Amino acid sequence: MKEAAKKPRLHKRQYKPAGLPPGTLVYVGEKRVETVRITYIDYDEQNLAEKQVSNVEDCFAFKTTPTVTWINIDGLHDVQIIEKLGRKFELHPLVLEDILHTGQRPKLEDFEKYIFIVLTMLTCTGDNQTVETEQVSIVLGSNFVISFQEQLGDVFDQIRDRIRNAKGRIRKMGPDYLAYSLIDAIVDSYFTILEKLGEKIEILEEELVAEPNEKTLQQIHRLKREMIILRKSVWPLRELISGLQRTESALINESTGLYLRDVYDHTIQIIDTIESFRDMVSGMVDLYLSSISNKMNAVMKVLTIIATIFIPLTFIAGVYGMNFKYMPELGWRWGYSAVLLVMVLVAVVMLIYFRKKKWL
Amino acid sequence: MKEAAKKPRLHKRQYKPAGLPPGTLVYVGEKRVETVRITYIDYDEQNLAEKQVSNVEDCFAFKTTPTVTWINIDGLHDVQIIEKLGRKFELHPLVLEDILHTGQRPKLEDFEKYIFIVLTMLTCTGDNQTVETEQVSIVLGSNFVISFQEQLGDVFDQIRDRIRNAKGRIRKMGPDYLAYSLIDAIVDSYFTILEKLGEKIEILEEELVAEPNEKTLQQIHRLKREMIILRKSVWPLRELISGLQRTESALINESTGLYLRDVYDHTIQIIDTIESFRDMVSGMVDLYLSSISNKMNAVMKVLTIIATIFIPLTFIAGVYGMNFKYMPELGWRWGYSAVLLVMVLVAVVMLIYFRKKKWL
Amino acid sequence: MKEAAKKPRLHKRQYKPAGLPPGTLVYVGEKRVETVRITYIDYDEQNLAEKQVSNVEDCFAFKTTPTVTWINIDGLHDVQIIEKLGRKFELHPLVLEDILHTGQRPKLEDFEKYIFIVLTMLTCTGDNQTVETEQVSIVLGSNFVISFQEQLGDVFDQIRDRIRNAKGRIRKMGPDYLAYSLIDAIVDSYFTILEKLGEKIEILEEELVAEPNEKTLQQIHRLKREMIILRKSVWPLRELISGLQRTESALINESTGLYLRDVYDHTIQIIDTIESFRDMVSGMVDLYLSSISNKMNAVMKVLTIIATIFIPLTFIAGVYGMNFKYMPELGWRWGYSAVLLVMVLVAVVMLIYFRKKKWL
Amino acid sequence: MKEAAKKPRLHKRQYKPAGLPPGTLVYVGEKRVETVRITYIDYDEQNLAEKQVSNVEDCFAFKTTPTVTWINIDGLHDVQIIEKLGRKFELHPLVLEDILHTGQRPKLEDFEKYIFIVLTMLTCTGDNQTVETEQVSIVLGSNFVISFQEQLGDVFDQIRDRIRNAKGRIRKMGPDYLAYSLIDAIVDSYFTILEKLGEKIEILEEELVAEPNEKTLQQIHRLKREMIILRKSVWPLRELISGLQRTESALINESTGLYLRDVYDHTIQIIDTIESFRDMVSGMVDLYLSSISNKMNAVMKVLTIIATIFIPLTFIAGVYGMNFKYMPELGWRWGYSAVLLVMVLVAVVMLIYFRKKKWL
Amino acid sequence: MKEAAKKPRLHKRQYKPAGLPPGTLVYVGEKRVETVRITYIDYDEQNLAEKQVSNVEDCFAFKTTPTVTWINIDGLHDVQIIEKLGRKFELHPLVLEDILHTGQRPKLEDFEKYIFIVLTMLTCTGDNQTVETEQVSIVLGSNFVISFQEQLGDVFDQIRDRIRNAKGRIRKMGPDYLAYSLIDAIVDSYFTILEKLGEKIEILEEELVAEPNEKTLQQIHRLKREMIILRKSVWPLRELISGLQRTESALINESTGLYLRDVYDHTIQIIDTIESFRDMVSGMVDLYLSSISNKMNAVMKVLTIIATIFIPLTFIAGVYGMNFKYMPELGWRWGYSAVLLVMVLVAVVMLIYFRKKKWL
């Protein structure tokens, strides 16, 4: 199963232990980080506070402050932390369950007081060979955003930077803009994956034309697999964002709408590109199969040419290798030369025939 | 037909005997259990009563009690029991017919006083080789849930457990939550089937890469068959649950809505995964066909190499095996050696050619 | 064209003779019965009258009676009868045209005073080899149902029986229930066709695995053809019945709605099954093609093994068949034995190679 | 390019000369008739006038008469005629442009005072080998219908006949009924094309089973091409007619609605049939490909049988053709007979093996 | 990567440098022109002013004039120009970002004061081998149109000409008609691309029938690629234009609606044609694959005929080449002739067999 382990997994859902009612909190994923890392950034236009805390209770104060607070949790295996946070910020048990049961389909749920968003973050592993998926859950409240990730490392560093340096409008806007920024960063990172897929397609196409072999099709197959995973992450995203746009929730300011439209456009563009890639890749399978056939054809031609030239010649030689007493030709002075001549003639005729058939 | 019997059946519908008007009650399935087992669980937050009864009349008292009653019938061949229950709980004849005519498509019907739900429960047989389908019919009334199953054994044991031990909120909620729990349990069991399908796909993929043979494609075909069955069970489920969510029936409490949304999400996720699996499997057929072609290619290459090397050599030997009187070479001192040399040269040239062609 | 005649026809539409305005009544089908058979059943809860009449005028009296009258016409070639009926029951010329121009697509048309329904009845011919289609047109009025069939023999015998014996509720219900019963009988008969298709698929699948030959694919092709016909009959049915359900016509009682929902469910189930069958059958084509490839592979292997073993051996024999004067080996005492030994060695090496390649 | 000229063209659109603003009138097609033919039929229930005129102005009087006037223009290369007509009947420049820029997609445009309809008329050429397309533009006014055709010859002769002989209701109805009749005639002519396609499919199927060759697939390909053209003409028709049905234009009388429903049904039926044909034809490609494979298989089997029988035998003969001095068998009295016997045995064993493999 | 560079690119999106907030203006494309060219045409029915300016500020005056002003920017690498324009004409930062981030999906955005349109202009490169894409962004205001192009050279020359020479109605209409004209010109240019694709398809089809080779499939693949690009440009266009038609923006006059309907029809026609092309091309892959198979079949037949004729003959010669002492035939007077006769007979029988098999 080692081989399989390297492959991107199509279906990733961990099951809650049997016998538990819905809403019971058990983390079902593998423990991907050693310790849970809790960080917060609290800001408004003038002020900024950023800290890594070891007790989740240290973030509770921000629930009532007027500033925007972004609490980020890396690592989900410590269920207690999630539970405490959930109780403090009044999250529904099913929300907490969805956070812990990673492998969810991207979705949007509007609980009046907060909006719950599940996204899939895709990252290429170091060798660019496989795409890894990680669930990012976002809770958007009236003055806070809480994000949950399975492990350390994300695509949000630019956002942190912009908050710290007050670049752009992020410090002037509310938590909905922050949530938008998180979604936008994830969608933007899909473009990187797409770019890499595109490159792989280009390389495979060249390989297909130049020198296709059994590995090529397996790589095409792998590519398909990655595209299936990407599709599964992006298609629901479309609904999600269009849901955000159409929501009448007071949590989303009108001014954020334009930005959501922008990220929606990006999502559509990603979907378009994936569908184009699918078309390309399925055409590549045809190319591959026909190139195998062509190769077989070439092999057959060589065999046929050699065999059809020499088989008749060998037959002629065989005839004069017979030991009959009365074979007058054998005694002729120029018999041998004549036979050699005949053989050359037969070979030439064959060659002309093959040339005519365009096999040579 | 033994072979066929082992395969999962695509189409399972038993026909009512000819000449019967709609609404006549005849069980059309095979008798899957010896005797019908009738059990009930009656509960509210404080009290709990659970019993297996032999007369269905023993359950009738619960029709008017304020507690939640779950009556479960395992085995449908005793039409009388169904009929009596139906009369007592005022079920429409067509409902009873649908319960007995197993093999129905999952569906939801809202008869003001009760909601009728048909589901398909899937179970893997012991050897995990085939998926078996069983119809589960659920009648949800204002203070009762009646479930009908074709045979003993189901995926509801955890629910019974939660009721007995008052785990989670089930004892505090009404019959709609119980009905939701039953649906949820069935949907959750689909994930198990999916998991097994996923594993089979992984194994088949490895087999395809390592050592594909005729069995492999048959297994892929079987896999497709199982996916078709799963699809047939899940797609209607989506409508069903979204119907439950949108219903304005007084039988569904608002608080259950959130849970229905959760199970709806799961259904979508299952559908997504099935569609991904379909994509994967159809890619596997390509892989298989091309691997056959590649194998054929390899066979042809060996034949071609051997044949094209030795056929010319044999021809040369044939020439000097001729019995012409005047063949000067035969008398030469080094004739034999020269011919052997020529043969080696021909062979080497051929080998170089094949190497250039990358056949070696 | 005899061969073609046996095949189920995909497209069956007879053209009206040139130059006729729309609404002109000409029967375009073949004359499928000798004489037109006209029968009526007139009933209410207490009374029942059933008769075969030779003059269509004998049915006219029922137009105004309060009882439910079912007039059935078998055979359409006598245009006059249709015309008279049409005039008496005030049917639109286009309706009469649709009745006579058989091969119509199933459809529903609501002319306030009556509802016009066109259905396709499918029957298996005696040898179960082909599916035959027959158009059934139904006119549902406020107190009558008129049905038109192309030939004798239908799937309505059970309904007649139920009317005669007052089984079920049919005698208590109005003409809409009768019309529903007719539709239901036709839909139910599709299940029989499906069952037969399913069996054919099972048999073909076994054949595919055991011993596929050229006939197999032709049978698959034939199967596809039958499925296409079935699809063409069933898909429009769905619209038709859902149209009946949603109609606001006073001719359909509310109580019949539930029954229509039932037959609608059946239609959906049939469509589902056909689509599953389609999936299966297209998978079978893959199975077939790959089994041909596998067979070719097997043939090639035998050839390659025999050829690659014996070609080098024959070459060696050829070498020592040469007539050079100076071939020292020929004179050696153990030369012959040595050569035989070498030959055995070559053969063994080859066999080991093939075993390693898993060709043996 | 001669070959191409015979093929039905998929894409037929002529481009307006560069630099012209929209609405400039230039005929872009080829000149398909020598002189433009202008005819009119003017009628009401009592009167009828039919004439071919050489000046388009002769038709202008009918603009204000209460009778129904049908002006038909055959040939579009004389732009002036179209322009004059357009000015007189107040047609929008874009309408005139669409009339002249043949190769338009069938469409319906409602300009309050008139309705503009573009249709594609399909005609089989004399040898039934190809389908030719011709654009028919229809302008339906309150008391006139103007039709524009690219060349002489159409499918409207029956309509003219019905007008002349007052057959059916056409003389009693308004211009909308006339327009309907034109559309109906075109749709009916599609059935003829379908019939021919159906026949071709039947013939090709028989050929496929009996004796498929390279031409067969090219014919299938050609068939597909024709079906694509038919589809392109029919699909938009559906929208067009349903648009006519739903229009609230005063130009369409309610009584014509039923007739439109009828022609709509026909359109759906044509679409259904085309889709079925598509399914059939794609199945035929499979049949063809597998029949090639089967033929190859048969060829390989013959080669394999002959080769594997004779190669070992030849080897044996080769062995005893060697010239070793010490080959005791050569001196044996029955050596030759024994060897012959061995050869026969080998051949028999091979034949039994092939029989077991079912290759014989 | 040179090879890849020549191919049309499926996915063209440049990424904004990391760490920038949305709305930051950075041109992400390659610098396709040396210097940015700014031109304006200012006109009403009587007046016309056209000029190329070097400072974008020279266009600012037109913001308030009542005349229609068309400002065209060729080249996007000078971000300052875009920024100044944006500030002057009050464009949203996201609009400016979309202009600079070329490779956008065609789209329409309505910002009350102006409408923002993104289109893809396709141009064939000189050798007609590849299709190049260029983003054209259009801002339509109440009295101005601003268009942004990546490089010099466009399809708008006819429009400029019509403005200069007051041809058609363009000088009488507002900026919305100008914007329509730009869109129309781009859509019209798609027809040219289609025409070229159509020609390529025709040529490839002839090649496929006459003499298919490995290049052919690669060309088909390339064709598919171009069609995918075209599709990606055209499908969103459909939404875009239908959005323009349905918009309630005051910027679009009602009279322009008809023209938009016209361009909408063209878009549909292009989509139809692309889909037909797709169907054709996928049929061509089948043709190609079967032609390879047929060629292989022909090769195999030649090999089989030659081999099966000569292998038995060689065997016979081999038998009489054996050196057994007691081979009575060898001494017969007519032995040699008899053997030759037998050989001829065998060959003739074989030839008759092949003729019967239709291999000759």
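Me: With which residue does B:Asp279 form a salt bridge?
Reply: This is a predicted model in which local features need pLDDT of at least 70 and side-chain atom pairs pLDDT 80 or more, while totals for chains, interfaces and linings use all residues. Side-chain values use heavy atoms without hydrogens or water, residues are numbered from 1 along each chain, and chains are lettered from A and ligands numbered from 1 as written. In a salt bridge a Lys or Arg side-chain nitrogen lies within 4 Å of an Asp or Glu carboxyl oxygen. Here the closest N and O atoms are 3.0 Å apart, and the partner of B:Asp279 is A:Arg278.

Me: Which helix of chain A holds A:Arg278 in this pair?
Reply: The pair crosses between chains, with B:Asp279 in helix H7 of chain B. Helices are DSSP runs (H or I, at least four residues).

Me: How are H6(D) and H7(D) oriented to each other?
Reply: Their axes, fitted to C-alpha atoms over the stretch in contact, are 9 Å apart at about 155 degrees. Angles over 145 degrees count as roughly antiparallel. H6(D) and H7(D) are therefore roughly antiparallel.

Terms used:
Axes fitted to C-alpha atoms, helices over the stretch in contact; angles between N-to-C directions. Helix = DSSP H or I, 4+ residues; strand = E, 2+ residues; numbered from the N terminus. Parallel < 35°, antiparallel > 145°, perpendicular 65-115°, else oblique.
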